Amino acid sequence: MNEIKHKKRIFSGVQPTGNLHIGNYLGAVKNFVKFQSAGNETLYCIVDLHAITVWQDPDELRNSIRELAATFIACGLDANKSILFNQSQVSSHSELAWVFN
C-alpha cells in the first residue's frame with residue numbers, strides 16, 4: 001500500500017488589541033516562523049472579529065490590524081510561505097458563528 005504523506009497544517013491567530021510583547025513573540029510568533037520554515041502549511045490570522053467582543057475605536061483597531069500585520073512580517077513571517085489574513089475578510093467565519101449560535 002502506498003502511503004500518502006501530507007504536510008502538517010498549522011493555523012493560529014492573534015488579536016490586534018495592543019502591541020505585541022515579548023511573551024507574544026516567545027510564546028507564539030517565534031514558533032509561527034519556525035513552523036513556516038519547517039515546510040508546514042501555515043495559516044496565520046489577525047482575529048479582528050474576536051477583538052470586537054469589547055468596544056474598540058474603529059480607527060485604533062484599523063491601525064492595530066496594520067501594525068500586527070507589519071509585526072508578523074518583521075518577525076519573519078513570509079507571505080510567500082504562509083497565508084496571512086484578517087478574520088473579518090473571510091465571511092465564512094461570521095457565517096459559521098451564526099450557525100453555531
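In helix H3, the residues Leu61, Ser64, Ile65, Leu68 and Phe72 are buried, where buried means under 20% relative accessible area, exposed over 50% and partly exposed in between, with a 1.4 Å probe and protein chains only. They cover an arc of only 105° around the axis, which puts them on the same side of H3; the arc is that of the directions from the helix axis to the C-beta atoms. An α-helix has 3.6 residues a turn, so residues three or four places apart point the same way. On the other side of H3, Asp59, Glu60, Arg66, Ile73 and Ala74 are exposed. The model is predicted: local features need pLDDT of at least 70 and side-chain atom pairs count only at pLDDT 80 or more, whereas totals for chains, interfaces and linings use all residues. Residues are numbered from 1 along each chain as its sequence is written, and side-chain values use heavy atoms, with hydrogens and water left out.

The cover of the buried residues of H3 includes strand S1 (9–14), helix H1 (22–37), strand S2 (41–46), helix H2 (48–51) and strand S3 (82–86). Helices (H or I, at least four residues) and strands (E, at least two) are DSSP runs, numbered from the N terminus. H3 itself has 17 residues (residues 58–74), which at 1.5 Å a residue should span 24 Å, and the distance of 24 Å between its end C-alpha atoms agrees; the expected span is 1.5 Å times one less than the number of residues. At the start of H3, a side-chain oxygen of aspartate 57 comes to within 3.1 Å of the backbone nitrogen of aspartate 59. Just after H3, glycine 76 has a positive phi of about 120°.

The structure holds three aromatic pairs; rings of Phe, Tyr and Trp (its six-membered ring) pair if their centres lie within 6.5 Å, and planes under 30 degrees apart count as stacked, over 60 as edge-to-face and the rest as tilted. One of the pairs is edge-to-face and consists of phenylalanine 32 and phenylalanine 72, at 6.0 Å centre to centre and with 75° between the planes. Phenylalanine 32 lies in helix H1 and phenylalanine 72 in helix H3, so the pair ties together parts that are 40 residues apart in sequence. Both phenylalanine 32 and phenylalanine 72 are buried. Phe32, Tyr44 and Phe72 form one aromatic cluster.

Glutamine 36 is also placed in helix H1 and counts as buried, at 5% relative accessibility. Its side chain is joined to that of serine 82 by a polar contact of 2.8 Å. A polar contact is a pair of N or O atoms within 3.5 Å; within protein, one must be able to donate a hydrogen and the other to accept it, and residues adjacent in sequence count only if both atoms are side-chain atoms. Neighbours within four places in sequence aside, glutamine 36 is in contact (heavy atoms within 4.5 Å) with Thr42, Tyr44, Gly76, Leu77, Asp78, Lys81 and Ser82.

Glutamine 87 is found in the loop between S3 and helix H4 (91–100) and is buried, with a relative accessible area of 5%. A polar contact of 3.0 Å links the side chains of glutamine 87 and histidine 50.

Over the chain as a whole, the secondary structure comes to four helices and three strands, in the sequence pattern β-α-β-α-α-β-α. Of the 101 residues, 25% count as buried.
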